Amino acid sequence: MKNIKSIILSVIIILISCLFIIFPENVTNAAVSAVWRCLSSVVPSLFGFMAISDLIIKTGINRIIAKPFSLISRYIFRIPEEYFPIFLISIIGGYPVGITLISELYSEQKISRKIKEKMSFFCFFPSPVFLFGMLGGVFPDFAVYTAYASIVLANIIIAVVSGIGTPVPSLQKQKSEVDFSVEDITSSVINAGCSVMKMSAIIVFFSSFIAAINSVGMFSLFSEYQKSIIITALEITNAPSVANATLPIMTALLSFGGVSVILQTISLSKKSLNIKKFLLSRGIASVISYILCYIATKLMNFPLAVSLSVPDVTLSVRRISPIPSIFLIIMTILLLNKKNSCQS
């Protein structure tokens with residue numbers, strides 16, 4: 001059975017490689033577009049927040065932030081209070097930030113496997129910046145807020161349900177002190193740089209992959225609407241290309257995160273993520289988000305679908321200079337080389 005899986009996987013990889021060779025122009029154009037999206041959107045919006053989030057955990061600031069949320073964390077979420085800031089950070093920071101921090105703590109043996117798996121179920125959100133970037137050109141602002149609230153509430157429901165039957169964690173006994181050093185800053189910057197570059201690489205690959213299979217007519221059996229939904233489910237940054245989409249469906253897709261984002265998350269989790277349980281939690285969150293958003297649109301009398309012209313993503317991306325992001329990547333590489341030379 002294992003040999004059969006290996007053979008099938010090998011055949012698929014070879015076929016994809018052939019498609020990359022047969023349709024170089026389409027693949028190249030898709031890769032260029034993805035690179036520009038990463039340089040103008042992903043890197044600037046995520047790098048700083050990932051670095052500061054990592055620094056918050058390393059220095060122990062999270063224990064100070066956690067104090068006002070002790071009752072919510074312990075009695076509702078049923079997790080130790082010092083980990084609750086990770087949930088808050090993931091709401092603002094976006095998809096990979098929360099699980100990256102959880103995995104970092106787990107690798108340092110600062111969090112149990114049980115708590116790590118539980119928190120991975122609900123520390124997974126699109127950031128507000130990302131959400132408005134994806135939906136802002138298609139839906140009005142209050143509709144985007146509705147989608148965001150539905151996604152957040154869906155994750156809170158999962159957090160509460162997953163805590164049923166779990167004993168209330170004891171109060172934090174460790175003194176809340178901040179341990180700050182220059183090395184922490186450098187380490188956080190390097191970790192953020194590595195994470196962002198991994199994410200960008202996966203986005204570029206998936207965009208190239210989608211272009212390759214699209215070139216041979218793999219999506220010809222579907223309507224343009226269905227095709228755009230499938231492509232968005234594979235790579236969520238394609239969300240603006242879904243014309244006439246219903247708000248609940250877009251909310252469900254963004255709550256799920258897309259295959260590309262999920263692979264990014266798995267790659268950043270340092271092999272500590274229970275993939276089956278994680279995928280199940282994302283599927284459940286997607287369904288709950290859809291239901292909540294559908295109910296909200298009905299209550300607010302907001303049309304489920306809009307018919308607006310979708311902005312030219314390629315043109316809008318190219319108006320933003322990628323130079324700062326390029327320099328940021330160069331500096332990160334230099335820091336990595338410096339760190340490696342110091343270790344050797």
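At what angle do H9 and H14 pack, and how far apart are their axes? I got an angle of about 130°, with the axes 8 Å apart. Axes here are lines fitted to C-alpha atoms, for helices over the stretch in contact, and angles run from 0 to 180 degrees between N-to-C directions. Helices (H or I, at least four residues) are DSSP runs, numbered from the N terminus.

Before going on, I noted the ground rules. This is a predicted model, where local features need pLDDT of at least 70 and side-chain atom pairs count only at pLDDT 80 or more, while totals for chains, interfaces and linings use all residues. Residues are numbered from 1 along each chain as its sequence is written, and side-chain values use heavy atoms, with hydrogens and water left out.

**Entry: the helix pair**

I put H9 and H14 down as oblique to each other, because angles under 35 degrees count as roughly parallel, over 145 as roughly antiparallel, 65 to 115 as roughly perpendicular and the rest as oblique. Then I looked up who meets whom (contact means heavy atoms within 4.5 Å). On the H9 side I listed residues including Ile151, Leu153 and Ile157, and on the H14 side residues including Ile284, Ile288 and Leu292.

**Entry: salt bridges**

I found five salt bridges in the structure. The term means a side-chain nitrogen of Lys or Arg within 4 Å of a carboxyl oxygen of Asp or Glu.

One of them joins Lys67 to Glu81, with the closest N and O atoms 3.3 Å apart. Lys67 sits in the loop between H3 (61–66) and H4 (70–77), and Glu81 in the loop between H4 and H5 (84–93), so this pair ties together parts that are 14 residues apart in sequence. Buried or exposed, where does Glu81 fall? Glu81 is buried, at 1% relative accessible area, while Lys67 is partly exposed at 42%. For the cut-offs, I wrote down under 20% for buried, over 50% for exposed and partly exposed in between (1.4 Å probe, protein chains only).

Next I followed a network of salt bridges that links Arg113, Glu117 and Lys277. Arg113 pairs with Glu117 at 3.5 Å between the closest N and O atoms. Both lie in H7 (residues 113–120), four residues apart, about one turn of the helix. Glu117 also pairs with Lys277, at 3.7 Å. Lys277 belongs to H14 (residues 275–299) and Glu117 to H7, so the pair ties together parts 160 residues apart in sequence. Glu117 is buried at 13%, Arg113 is partly exposed at 43%, and Lys277 is partly exposed at 41%.

**Entry: positive phi**

Most residues other than glycine have a negative phi. Arg78 has a phi near 60°; I found Arg78 in the loop between H4 and H5, partly exposed at 22%. Gln109 also has a phi near 60°. Gln109 is in the loop between H6 (95–107) and H7, and is exposed at 74%.

**Entry: confidence**

I checked pLDDT, the predictor's confidence in each residue, from 0 to 100. The chain has a mean of 79, and 82% of its residues reach 70 or more. Confidence is highest in H9 (residues 141–162), at a mean of 92, and lowest in H15 (residues 313–318), at 38. Over residues 306–321 the pLDDT is below 50, though this stretch has 23 contacts beyond near neighbours in sequence in the model. Where pLDDT is low, the predicted coordinates should not be read in detail.

Technical notes. Helices (H or I, at least four residues) and strands (E, at least two) are DSSP runs, numbered from the N terminus.
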